[in-house]
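Notebook open, structure loaded. I want to see how the pieces pack, then check a few single residues.

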Amino acid sequence: MIEYTRVKLSQWGRWCRGRPVTGYPTAAAFTWANTGGKGSGAGLAPDDILETEQAVARLAQAWKQPLIAYYVSTGPLWLKAQRLNISRRTLMRRVETAERKVAEALDSAPKS
């Protein structure tokens, strides 16, 4: 189940950055430099992305920040950890815990 959650979070992260949500590799980063993210009028999220967005939104800030840093922000892990003022190892532990919390939220979400 955690692999499924990681796929969902990866898709959510691409959507947050304003990139297409596909199962295929994306183009080079410079191609997306001037495209907006979710807050720039990129449109409504598909239902599966919205479900993940809501699960992440319900998390406490201590779990939300590492997920955003890991799945949405660009850059190497050490830089993402430095931005949060934590070690790389702590970042990964928090990401793993947050992934489990999102997996639980997705499992308990009502299915339509």
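I started with α1 and α5, which are roughly perpendicular to each other (angles of 65 to 115 degrees count as that; under 35 is roughly parallel, over 145 roughly antiparallel, and the rest oblique). I read an angle of about 95° for helix α1 (residues 2-16) against helix α5 (residues 88-108), with the axes 9 Å apart. The axes are lines fitted to C-alpha atoms, for helices over the stretch in contact, and the angle runs from 0 to 180 degrees between N-to-C directions. Helices here are DSSP runs (H or I, at least four residues), strands likewise (E, at least two), numbered from the N terminus.

Next I listed who makes that contact (heavy atoms within 4.5 Å). From α1 I noted I2, T5, R6, K8 and L9, and from α5 E96, E99, R100, V102, A103 and L106. I sorted the residues of this contact into 5 nonpolar, 1 polar and 5 charged. For that sorting, Ala, Val, Leu, Ile, Met, Phe, Trp, Tyr, Cys and Pro are nonpolar, Asp, Glu, Lys and Arg are charged, and the others, Gly among them, are polar.

A note on the source: this is a predicted model, where local features need pLDDT of at least 70 and side-chain atom pairs count only at pLDDT 80 or more, while totals for chains, interfaces and linings use all residues. Residues are numbered from 1 along each chain as its sequence is written, and side-chain values use heavy atoms, with hydrogens and water left out.

I looked up T5 on its own, in helix α1. Is T5 buried or exposed? T5 comes out buried, at 0% relative accessibility (buried is under 20% relative accessible area, exposed over 50%, partly exposed in between, with a 1.4 Å probe and protein chains only). Not counting residues up to four places away in sequence, T5 touches E99, V102, A103 and L106.

Then helix α2 (residues 47-57), where I picked A55. A55 is buried as well, with a relative accessible area of 2%. Which residues does A55 touch, leaving out those up to four places away in sequence? I found V102, A105 and L106. The C-alpha atoms of A55 and V102 are 5.7 Å apart, although 47 residues separate the two along the chain.

D48 also sits in helix α2, but D48 is partly exposed at 32% relative accessible area. Beyond residues up to four places away in sequence, D48 touches K8 and Q11. From D48 to K8 I have 7.9 Å, C-alpha to C-alpha, across 40 residues of sequence.

Last, the whole chain. I counted 5 helices and 0 strands. Of the 112 residues, 33% count as buried. Among contacts between residues at least 6 apart in sequence, 61% join residues at least 24 apart.
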